[in-house]
Amino acid sequence: MVQDSFKPKILGFLCNWCCYTAADSAGVGRYQYPPNLRTIRIMCTGRLDPVFILEGFSCGADGIFTGGCHPGECHYQVGNYEAILVAEFTRMVLETVGVRPERFHLDWASAAEAPRFVGLITNFTRKIEGIGPVGQAEGEGGDEVMLKVAAAKSAVGGMRLRTSLGNLAKDFRKDNDYSLETVRRRVAEKLGPAIKTEVGGQEILLRLKRQGPLSTADLTGKVGAGGQRSGGLPGQVGEEGAGCREGRVLVSGLTRRKQGSEPPEDGRRDTDVGKKRYE
Ligand code: FES
């Protein structure tokens with residue numbers, strides 16, 4: 001049950017040409033709406049980057065609202081269509097890390113629609129009040145959720161997901177079908193597996209950095225969404241930067257030799273192995 005005293009922190013990315021102006025008009029017109037919104041003005045919802053959303057949740061937002069011009073009325077022609085794609089991608093990433101995707105909402109209001117803007121923000125704030133603080137409603141400790149969100153932020157900022165999303169956006173521009181059903185289906189098909197892999201991989205690296213060596217069993221238990229991947233990842237990472245030996249994962253020389261075990265035959269210390277592989 002959500003406490004009555006819960007006052008959600010709502011972050012709003014508002015397009016300069018429509019929603020931001022609508023918010024301004026709502027203020028001038030003395031419309032009443034919940035005071036939870038903190039606004040960031042962007043020139044177009046096409047500027048929205050999934051990293052912004054994950055950064056917002058990392059910084060403690062309980063809900064993030066993005067408001068733009070109605071479809072077909074974007075001042076940069078297709079920015080809000082791109083935002084539809086980015087929003088669906090971001091929702092999928094949030095779902096992957098166990099954050100309720102309803103915490104992120106994309107909607108439209110023109111500069112002349114102050115009452116509509118007020119309605120959208122009021123409804124969204126009420127919805128987040130009902131869901132509860134980020135982390136708590138997700139049924140995990142806040143630290144666990146934040147670790148996963150940080151992993152997702154690294155993953156969506158990485159080359160692989162950015163390139164895949166960019167390629168998908170190009171396909172959409174050719175096909176011109178941004179219906180919700182199509183966007184959902186194609187994002188799930190084209191990006192779903194890559195999201196799981198990349199986020200799972202980043203989560204493993206983050207856990208190793210923060211918590212030191214962990215057994216593969218620990219990792220597999222903790223990395224839910226990337227669990228399948230985590231079974232194979234330490235071995236793969238071993239080729240690039242970390243290795244798995246005697247049930248321990250070795251990263252950057254963070255090696256614990258089993259008591260009484262002999263040094264490697266080639267005479268190298270484990271720390272040398274870790275450093276070399278991580279370069
Ligand atoms: S200019 Fe408003 S959404 Fe593009």
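Why is strand S1 (residues 10-15) largely enclosed by the rest of the structure? I began my notebook with this question, and I found that six of the six residues of S1 are buried, so the strand is largely enclosed. I took a residue as buried if 20 or more other C-beta atoms lie within 10 Å of its own, as exposed if 12 or fewer do, and as partly exposed in between, with C-beta atoms placed from the backbone.

**Ground rules.** I am reading a predicted model, in which local features need pLDDT of at least 70 and side-chain atom pairs count only at pLDDT 80 or more, while totals for chains, interfaces and linings use all residues. Residues are numbered from 1 along each chain as its sequence is written. Helices (H or I, at least four residues) and strands (E, at least two) are DSSP runs, numbered from the N terminus.

**Entry on the whole chain.** I noted 10 helices and six strands in the protein chain, and of its 279 residues 39% count as buried.

Next I looked up the partners of S1, where two strands pair if DSSP finds at least two bridges between them. S1 pairs with strand S2 (residues 37-42) in the parallel sense over six bridges, and here leucine 11 stands opposite arginine 38. S1 also pairs with strand S3 (residues 63-68), again in the parallel sense, over five bridges, and there isoleucine 10 stands opposite glycine 63.

**Entry on the sheet.** In which order do the four strands of the open sheet lie? I read the order as S2-S1-S3-S4, with parallel pairing. The edge strands are S2 and strand S4 (104-108), each of which pairs on one side only. I followed S3 and S4 over five parallel bridges, and found threonine 66 opposite leucine 106 in S4. Helix H3 (residues 79-96) packs on the sheet and touches S3 and S4, where touching rests on contacts, that is, C-beta atoms placed from the backbone and lying within 7 Å. The direction of H3 makes about 165 degrees with that of S4; angles run from 0 to 180 degrees between N-to-C directions, and axes are lines fitted to C-alpha atoms, for helices over the stretch in contact.

**Entry on the crossovers.** I traced S1, helix H1 (residues 19-28) and S2 as a right-handed β-α-β unit, right-handed being the case where, with the strands pointing away from the viewer, the path from the first strand over the helix to the second runs clockwise. For S4, I noted that four of its five residues are buried. The chain crosses from S3 through H3 to S4, and this β-α-β crossover is right-handed.

**Entry on two helices.** At what angle do helix H5 (residues 142-157) and helix H7 (residues 180-211) pack? I found about 120 degrees, with the axes 8 Å apart. The contact is made by residues including Leu147 and Lys148 of H5 and Glu198 and Val199 of H7.

Definitions and conventions:
Two residues are in contact if their C-beta atoms, placed from the backbone, lie within 7 Å.
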